Amino acid sequence: FALQPDMLQLGFLKLLKGSRLRKEAESFGCRYSAATPYEVRRTDSMTPEDFFRLKGCEKALDLYYHSPYARRGALYLLGEGDSFAFFCDLGEWIRGETLTSPRRRLEALWAFARSQGRCSQALREILLFDFLCLERAPSLPLNAAPPDERERRMIRRFFQIEGKKRFPDGAENPWRFCQVQGFDYDLLHYDGTTEPVARRNYVLFDHLHKEQTDITGALDRQK
């Protein structure tokens with residue numbers, strides 16, 4: 001895990017028909033499912049609960065490490081801790097949860113952090129930033145604060161003055177695919193492994209071109 005691979009998969013042993021391991025299963029107390037894929041359920045050294053815990057770890061890795069929606073948030077929560085224990089504990093927390101939507105995934109991770117007394121404004125903003133990188137959200141998750149009236153005026157003025165220059169490809173209404181959000185931390189340059197730098201800034205999320213741009217200076221000129 002320290003190598004930070006793009007994907008880290010847990011594999012579970014299957015005792016296929018005709019295999020040597022299947023023929024010798026009794027010798028190491030192995031029990032496996034009667035139907036395909038004949039996955040191992042317990043052995044002399046691992047209980048069914050051990051396998052459930054590993055399954056939870058696999059689910060947590062898939063939802064929070066392989067997915068870009070909350071990867072940096074998970075890494076921030078992990079910090080310098082034990083990655084295996086962290087994802088096992090997170091898997092236990094989300095056991096039985098469906099979590100099909102990105103918003104629900106963020107909310108579940110936030111609830112897990114709260115259960116450990118780890119909620120913070122930095123974590124909220126990291127999760128919000130990653131969420132907005134992937135989709136426009138008029139209703140922000142995690143009770144995050146949207147731009148206030150003063151900020152909305154600055155944003156409207158920004159698009160009036162710089163909209164055509166920034167979007168020369170004929171986009172008449174950038175509001176349809178853009179969103180501007182203010183942050184108290186510099187997350188454009190944050191890799192998820194340390195504490196983010198505290199700095200009030202505004203980020204333009206351009207979902208048409210899949211880009212994020214710091215427009216703090218441009219908005220300051222609209223005050």
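What follows is a chat about helix contacts, a pocket and the backbone.

Reply: Happy to, with the caveat that this is a predicted model.

Me: OK, what are the angle and the axis distance for H2 and H4?

Reply: Helix H2, residues 48-64, packs on H4 at an angle of about 95 degrees, and their axes are 7 Å apart. Because angles of 65 to 115 degrees count as roughly perpendicular, H2 is roughly perpendicular to H4.

Me: Which residues meet there?

Reply: On the H2 side they are Glu-49, Arg-53, Leu-54, Gly-56, Cys-57, Ala-60, Leu-61 and Tyr-64, and these meet Phe-84, Ala-85, Phe-87, Cys-88, Asp-89, Leu-90, Gly-91 and Glu-92 in H4. By class, the residues of this contact divide into 10 nonpolar, two polar and four charged.

Me: And where does H4 go relative to H5, what's the crossing like?

Reply: The axes of H4, residues 83-93, and H5 come within 10 Å and cross at roughly 110 degrees, which means that H4 is roughly perpendicular to H5. H4 passes H5 in a right-handed crossing.

Me: What about H3 and H5, parallel or antiparallel?

Reply: Helix H3, residues 71-78, and helix H5, residues 102-115, pack at an angle of about 10 degrees with their axes 11 Å apart, so H3 is roughly parallel to H5. In this contact, Gly-73, Ala-74 and Leu-77 of H3 meet Leu-109, Phe-112 and Ala-113 of H5, and by class there are five nonpolar residues, one polar and no charged ones.

Me: Switching to the largest pocket: what volume does it have?

Reply: The largest pocket has a volume of about 200 Å³.

Me: How many residues line it, and which lie nearest its centre?

Reply: The lining of the largest pocket has 13 residues, and Pro-147, Arg-152, Trp-175, Gln-179 and Val-180 are the ones nearest the centre. By class, the lining divides into nine nonpolar, two polar and two charged residues.

Me: Which element gives the most to that lining?

Reply: E3 gives the most, with four residues. Helix H7 (149-166) and strand E3 (178-186) each supply at least two residues of the lining.

Me: Last topic, the backbone. Where is there a cis peptide bond?

Reply: A cis peptide bond joins Thr-36 and Pro-37, with omega at about 10 degrees. Pro-37 is found in the loop between strand E1 (31-32) and strand E2 (40-42).

Me: And which residue other than glycine has a positive phi?

Reply: Leu-142 does, with phi near 60 degrees, and Leu-142 lies in the loop between helix H6 (121-134) and H7.

Me: Why would those two spots be worth a note?

Reply: Because most residues other than glycine have a negative phi, and most peptide bonds are trans.

Notes: Residues numbered from 1 in each chain as written. Predicted model: local features only at pLDDT ≥ 70, side-chain atom pairs only at ≥ 80, totals over all residues. Heavy atoms only, no water. Axes fitted to C-alpha atoms, helices over the stretch in contact; angles between N-to-C directions. Parallel < 35°, antiparallel > 145°, perpendicular 65-115°, else oblique. Contact = heavy atoms within 4.5 Å. Nonpolar A, V, L, I, M, F, W, Y, C, P; charged D, E, K, R; others polar. 1 Å grid on protein atoms, 1.4 Å probe; cavity = no way out; pocket = protein on both sides within 12 Å on 5 of 7 lines; lining within 4 Å. Points joined across faces, edges and corners; volume = space filled by probe spheres on them. Left-handed = near helix turned anticlockwise from the far one by under 90°.
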